[in-house]
Amino acid sequence: MNPTTVIKLPFTRRAGWKELQRRRPSIAKLAFGLVLPMSLIPPVLLYYAGTHYGDAFVAGFGDRQWRFITTILFLSELLTFFVMGWLIHTVVNIADDLTIDYQDAYLLAALAPLPLWSSAVVLLIPSLLLNVLAVLVALGISCSLVYQGLGALCERQGQDMTTMSATYTIMAAGVLAWGLLMAIIWSY
């Protein structure tokens, strides 16, 4: 799949989704080929930011235990992939209007955090405001990715209201998990 198609995924239900669904990557292939390498980006860049210009970023940021924090963050990201795949499958299949199989649920769980993982590149710039803005934009794109993905991957018999409701529930759980991860980082 070319990069242009991947960039279009959050904005349309047509471009690329059916091709991804036809490829049917296994959950293990998604975990080791996409989730594992991409989930390394935030901990590595957070460690770099914290150890190289931590206090310039935020006062007291450089004195934290970055090896411990980034290891917990990395392991939490991996665990979150498996939990989110299960959650997507469960939330979508509760309603009678939508259905999704485990393969597609885990595909969506692997693709949804891509904007958030990619936004960690902004940690190379020691600006708190810029980093917060990058995360907020990435979160919006991630929400759109979940919504468009559900619309494209689910067998649908209802209206978009069910898709929006499922997206809201999934993203609320994702933001809660992300908030807990950020609380861990700030508490240590």
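This is a predicted model: local features need pLDDT of at least 70, side-chain atom pairs count only at pLDDT 80 or more; totals for chains, interfaces and linings use all residues.
Which backbone oxygen does the side chain of T70 reach? Residues are numbered from 1 along each chain as its sequence is written, and side-chain values use heavy atoms, with hydrogens and water left out.

**View 1. T70 in helix 4.** T70 belongs to helix 4, residues 66–94 (helices are DSSP runs of H or I, at least four residues, numbered from the N terminus). The T70 side chain reaches the backbone oxygen of R67 at 3.4 Å. T70 counts as buried because its relative accessibility is 9% (buried is under 20% relative accessible area, exposed over 50%, partly exposed in between, with a 1.4 Å probe and protein chains only). Beyond its neighbours within four places in sequence, T70 is in contact with P43, L46 and Y47 (heavy atoms within 4.5 Å).

**View 2. L124 between two helices.** Here we look at the loop between helix 6 (114–119) and helix 7 (128–153), where L124 is found. With 45% relative accessibility, L124 counts as partly exposed.

**View 3. Two annotated segments.** The unreviewed UniProt entry places "transmembrane region" features at several stretches, including 106–126 and 132–154; such annotations may be inferred rather than shown by experiment. Residues 106–126 are 57% helix and 0% strand, with end C-alpha atoms 34 Å apart. For residues 132–154, the chain is 96% helix and 0% strand, and the end C-alpha atoms lie 32 Å apart (strands are DSSP runs of E, at least two residues).

Methods. A polar contact is a pair of N or O atoms within 3.5 Å; within protein, one must be able to donate a hydrogen and the other to accept it, and residues adjacent in sequence count only if both atoms are side-chain atoms.
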